[in-house]
Amino acid sequence: MTAILEMRNVSKSFGNVQALRDVSFTVEPGEIHALVGENGAGKSTLMKVLSGVYPHGRYEGQIIFEGEERKFRDINDSEALGIIIIHQELALIPLMSIAENIFLSHAPSRFGVIDRDEVYRRTQQLLAQVGLKESPDTLITDLGVGKQQLVEIAKALSKRVKLLILDEPTASLNEADSAALLDRLVAFREQGISSILITHKLNEVSRVADRITVLRDGRSVDGIDCRAEPVLEDRIIKSMVNRDMAHRFPERQPKIGEPVFTVENWSVFHPQHPERRVIKNVDFQVRRGEIVGIAGLMGAGRTEFAMSLFGRSWGVNISGRARLEGHDVNLTSVPAAIDAGLAYVTEDRKQLGLILADDVRKNITLASLAQVAPKGVIDDIAELKAASGYRGRMRIRCSDVYQEAGQLSGGNQQKVVLSKWLMTDPKVLILDEPTRGIDVGAKYEIYCIIQELADAGRGVVVISSEMPELLGICDRICVVNDGAFVGEFAGPDATQEKIMRAIMRNEALTNQETAA
Amino acid sequence: MTDKTVSLPEEKPHSGFLKNNLRSYGMLMSLFVIMLFFQIMTDGTLLQPLNLTNLVLQNSYIVIMALGMLLVIVTGHIDLSVGSVAGFVGAVAAVLMVRYHIDFPLAIIACLIVGAAIGAAQGYWVAYFGIPSFIVTLAGMLVFKGLALALLQGQSVGPFPATFQKLSSGFIPELFPGAAHLNPTSLAIGAVLTLILVYASVKGRAREVEHGIEVEPFGVFAAKNIVLAGVLMYFTYLIASHRGLPNVLVIMTALIALYGFMTRRTVVGRQIYAVGGNAKAAKLSGIKTERLVFLTFVNMGVLAALAGLIFAARLNTATPKAGLGFELDVIAACFIGGASAYGGVGRVGGAVIGAMIMGVMNNGMSILGIGIDYQQVIKGLVLLGAVCIDVYNQRR
């Protein structure tokens, strides 16, 4: 079979940084080709070369698509041939409908007037193809991230896609939505559409990929044909990081003490729909030195629960009792929650965690300025020392603490956010998706930090969509579904199946209730 | 995945220094070049002591309002009402002092309170109701322009008591009236101020060295201080050789120092920048974002009131047209001075330099006899150019 795409000896450098070295890469018709590698390995750069973001002449090497050498000047050239890339950050306009978004650039029209019936009809067809039951008039903002992702794919289909490139499509999806999305890719394969899947999630790779290419430091270091040989996750990880990752999670000997944070009968209502109860009479406890995981599907109310605890940052009509070290605490505002000893590390680093344009130092001290500012005047040397201290302790890789936070990689940004909260010296830390969008090596470091925090006698709560992660680091895992806690497992007893079953059993129950 | 972070180039200790500070020095350089240009074009009229004193008096109210506007812009908002508020407060001052003969200290205090109340009223809607500041202050602009007109019944009201006029047209008293040409007191104040500044910067450097913090090379440091001291002393000399330091200049300098310190070194200042940089992240870090936004508007109101008083005292009458269009000069000063329209970025020094650039251009073009029509065209282009350069520099 001749390849639909062949990239020959592609090299690309930025100044003196060699981002790609002599990479060759092929995709066959009707194949799902997984591209894996650590952050900075060159995956996105390779895809930008392919899609014309870096035009011909700005890289070395050749691109051969459907048997001809192509010299793309920009992304329109590659799209015209059916090479469509879907970026991690979705390019949808929130306040427009699904139909308007799909046909934003190429609406069927007569004399410049959009044929709305045709748009509606074709959108319906496309949505059916990606398995979405929404009306074409639904606004994007009313869809969850999973469905938005499917709209992006529908948009790609509308452009007669031949090669679909997905850059970490499931990074912000829960297991069910991820599975749905991967099923779509498999369905497209049947129709002869090839896909390139960039991902950090190895279970997805082994599930759907026909071939795997591993990039490391801008080189292609391994190619695996999944149809010919078994896919060993350890082999992939080893190629990615060139070190044995037999221990993906640090060893743990928990030293668990008395309860430090107790929540009783906690209920929260939706801010926009105040009649909807999102968190339902939750009882929850963390002990000193304990890492508690909160598992559940996206939309189960995990983040909402955490943020409602942290100074009522989410929800209305919040009721329930919260105690820290046995005493009732006032958590009615963020400053009060911080004073009480609570810290919340957000799932959305860039929007909610960091001030990207400010330097590392300012970000670290932001939540505890009083410590370096006696009488309201900042002691710049005390501040610098505090920030540099965390930089060393957390091994934040930056040129100095005056570097802009926005310039750091995901893992290092996360360490900055963690430093900010450590500086407030919390008794309880809630970490929401602490390793989202972070590469394997940095993940390990974050896990180590989480363990150190617990070992120092703090209570740690980890919310995560990646079940292996929860299983790997937590002493206890609570399962949330539809705003209620539906199961709890001690770390060693928990398995993915048990957690899934707890969720599904509850789903079945709630469905029965509504039926009755 | 970002390609930017593939590997961070190791920066040599000092290579980054000039680059990092080029932006703030670039502003100063622009001001210097513009001044030099007009100094040559006007055959030295620009820097004559009389003209320099006038320059200060003419622009003081713009500079004072720019201090407040900078904070508003840094939080990511805008205040279009400052011109109208300044005019309205001038009218209030005239009514209080001219019609009701209220003593000027009491009237000044009352006017500043009126300014604070106006700022609070507008800030309330912006901060706690989330109404875009553009709309709230556009409404305020119309309301207070109208109220000033109503209060003055369409007429000019004046003159003010002589003591109040001193606010704008007065000079600090001369302690040694013997010297006819130069004012020794003003000269001495300038010299002391210069010494304090140089001492503070030497001390600061020593402190950083003591704690093992990288500092700029000594040559650069020394040159910077010598130039700074020289320029300061030269201007002091020029000002002193007319009638000494104007009262307004004293007020203005004190306010610049206060706001400069506040923005760079205090917790409140840091938090204002954080709110502008990322309000949601700031809020989740325990910063009371609404209250800070509210307070920046209150502060703006007080400074607009002060500017209104100074302007009224300078004209020695309150007119319904006072303050017309001030907001544009003030906002332009902040943006020329490097503030970002997206919030989170901007310096007090930049805003002051921006105001001075506008002032020098106004003054210089007037001396050259350029009509008010082309003056506006040129000012508009300078604003656009300054912001373009800034955006270009950030993209690099």
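**Figure 1. H56(A) sits in the loop between α1 (43-51) and β4 (60-65) of chain A.** This is a predicted model; local features need pLDDT of at least 70, side-chain atom pairs count only at pLDDT 80 or more, and totals for chains, interfaces and linings use all residues. Residues are numbered from 1 along each chain as its sequence is written, while chains are lettered from A and ligands numbered from 1 in the order in which they are written. Helices (H or I, at least four residues) and strands (E, at least two) are DSSP runs, numbered from the N terminus. H56(A) has 16 C-beta neighbours inside 10 Å, so H56(A) counts as partly exposed. The cut-offs run as follows: buried means 20 or more other C-beta atoms within 10 Å of the residue's own, exposed means 12 or fewer, and partly exposed lies in between, with C-beta atoms placed from the backbone. Which residues does H56(A) contact, leaving aside its neighbours within four places in sequence? They are K71(A), F72(A) and R73(A). Contact here means that the C-beta atoms of two residues, placed from the backbone, lie within 7 Å. I503(A) is 447 residues from H56(A) in sequence and 50 Å away in space, C-alpha to C-alpha.

**Figure 2. Chain A is divided into three parts: domain 1 (5-241), domain 2 (247-341 + 426-516) and domain 3 (358-423).** The domain bounds come from an automatic or database domain assignment. Taken over C-alpha atoms, the centres of domain 1 of chain A and domain 3 of chain A are 37 Å apart. Chain A holds 18 helices and 22 strands. The C-alpha trace of chain A spans about 70 × 60 × 50 Å along its principal axes. For 516 residues, a compact globule would have a radius of gyration near 24 Å, and the 24 Å of chain A agrees. That radius is taken over C-alpha atoms, and the globule rule is 2.2 Å times the number of residues to the power 0.38. Of the 516 residues of chain A, 48% count as buried. Among contacts in chain A with a separation of 6 or more, 68% join residues 24 or more positions apart.

Figure 3. N9(A) belongs to strand β1 (residues 5-14) of chain A. Is N9(A) buried or exposed? N9(A) is exposed, because 12 other C-beta atoms lie within 10 Å. D482(A) falls in the loop between β21 (476-481) and β22 (484-490) of chain A. With 18 other C-beta atoms within 10 Å, D482(A) is partly exposed.

**Figure 4. Chain B meets chain A through 29 residues of chain B and 36 residues of chain A.** On the side of chain B that touches chain A, α10 (267-277) and α11 (279-284) of chain B each supply at least two residues. Which element gives the most to this side? It is α10(B), with five residues. The residues of this side of chain B divide into ten nonpolar, ten polar and nine charged. Ala, Val, Leu, Ile, Met, Phe, Trp, Tyr, Cys and Pro count as nonpolar, Asp, Glu, Lys and Arg as charged, and the others, Gly among them, as polar.

**Figure 5. α10(B) packs against helix α12 (residues 289-315) of chain B.** Their axes are 10 Å apart, at an angle of about 105 degrees. That makes α10(B) roughly perpendicular to α12(B). Angles under 35 degrees count as roughly parallel, over 145 as roughly antiparallel, 65 to 115 as roughly perpendicular and the rest as oblique. Axes are lines fitted to C-alpha atoms, for helices over the stretch in contact, and angles run from 0 to 180 degrees between N-to-C directions. From α10(B), Q271(B), I272(B) and V275(B) meet T289(B), L292(B), V293(B) and T296(B) of α12(B). The contact residues are four nonpolar, three polar and no charged.

**Figure 6. Helix α6 (residues 162-169) of chain B also packs against α12(B).** The angle is about 110 degrees, and the axes are 7 Å apart. α6(B) is therefore roughly perpendicular to α12(B). F164(B), Q165(B), L167(B), S168(B) and S169(B) in α6(B) meet L309(B), I310(B), A313(B) and R314(B) in α12(B). This contact divides into five nonpolar, three polar and one charged.
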